[in-house]
Amino acid sequence: MKTLGFLLEKEFRQLLRNRQLMRTLLLAPLIQLIILPLAADYSVRNIAIAVTDNDHSTTSRRLIEKIVSSGYFKLRDYTASYPEALKQVEQDKADLALQIPAHFERDLVREDKKQVYVAINAIEGTKANLGGAYLGNIVTDFNSEIRMQWQVSGTGGTDGPPQVSVASSNWYNPFLNFHLYMVPAILVTLVTAMVAMQSAFNIVQEKESGTIEQINVTPIKKHIFIIGKMAPFMVLGIILFTMGLLVGWLFYGIVPLGSLWVLYGSLIVYLFSMLGLGLLIATYSGTQQQAMSLSFFFINIFNMMSGVFTAVDSMPDWAQAIVATFPPSHFIKIMRPVVLKGSGFGDILPEILWLLALGLILNTWAVLNYRKTA
């Protein structure tokens, strides 16, 4: 234990001596955590729409006003003909083109139905899908409003069939606040990047400077050396995570509903697995540039496939099998339920076991590989 104590003292002193590194490790992730959730919003707004109103009736104007006042659409142009509206889409000046046909109000009163025509620029798939869905919901809601008004006043043509309405409620995030959904996941990605990369750089830096050769000839056992390298970054990861929770509370009003013991217990298991990955990267890297390349390779894949922006359940089966081997995907599945639902250890036990298994595999692999290359 004395050997481990001396090694830990050396690692902490070396880490704290580098003030620029400490600023990078602590300040940069916090600034990103403040800014990224403001941009990472699944809702799409300011969708440019070009409208062609061939009816010029009270009903068509009400429909246009409802679309523009929804907050999702911005009226790009009010064209005289539908080809002109399509030209706006072709020139990327508008995302959607809406045509309200002639006799829209008259046919709606007589036949109780009428179609409007929409052309969607599908180059940007997310905006196209959401924009079309928003517009469809607005038109449906508008249709329900005028049907109710006409039925009350007796203006409508035929009486519509009885309708079943759905009263829905959003659990755990009633106002669909995307910050509640994104901040926990972004915090996971920032802790991942800082811990995995820096733990890899730490060992590779000693390889480049030659000090690791001095350690190799000492009677320090390999598992003691690995623990000495992991402990400072585990402490640093806990500090960074704590500061991230404070940022979430101060800037976004996010207070975890679950126990902090659950969060920090899960965090320690997660850091154990990610530090194992960082150490494994270090054993395969001879220079810091190689370590950086490998780290960015894994971190980019983790960010895109771990469920931060895209639901894992919507991926193909083969992709879900790969994602199951990613530690960040399991910690994100822990963070969101604990923060939003107040889940306990019993609810997240499968994910903790996954993290523990991955940590054992990665750390064992790192120790064995280090023995071969030391």
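Predicted model: local features only at pLDDT ≥ 70, side-chain atom pairs only at ≥ 80, totals over all residues.
## Cavities in the model

Rolling a probe the size of a water molecule over the atoms shows where empty space is left. When the whole structure is searched, two cavities of 30 Å³ or more are found. The largest cavity holds about 80 Å³ of space.

## Lining of the largest cavity

The lining of the largest cavity consists of V183, P184, L187, G244, L245, G248, W249, I254, P256, M335 and V339. At least two lining residues come from each of three helices: α7 (178–209), α9 (222–252) and α13 (327–341). Helix α9 makes the greatest contribution, with four residues.

## Packing of α10 against α13

Helix α13, which supplies residues to the cavity lining, also packs against helix α10, residues 260–283. The axes of α10 and α13 come within 10 Å and cross at roughly 170°. Because angles over 145 degrees count as roughly antiparallel, α10 is roughly antiparallel to α13.

On the α10 side, the contact is made by V262, L263, S266, L267, Y270, S273 and M274. On the α13 side, P327, P328, F331, I334, M335 and V338 take part. The residues of this contact divide into eleven nonpolar and two polar, with no charged residue among them.

Notes: Residues numbered from 1 in each chain as written. Heavy atoms only, no water. 1 Å grid on protein atoms, 1.4 Å probe; cavity = no way out; pocket = protein on both sides within 12 Å on 5 of 7 lines; lining within 4 Å. Points joined across faces, edges and corners; volume = space filled by probe spheres on them. Axes fitted to C-alpha atoms, helices over the stretch in contact; angles between N-to-C directions. Parallel < 35°, antiparallel > 145°, perpendicular 65-115°, else oblique. Contact = heavy atoms within 4.5 Å. Nonpolar A, V, L, I, M, F, W, Y, C, P; charged D, E, K, R; others polar.
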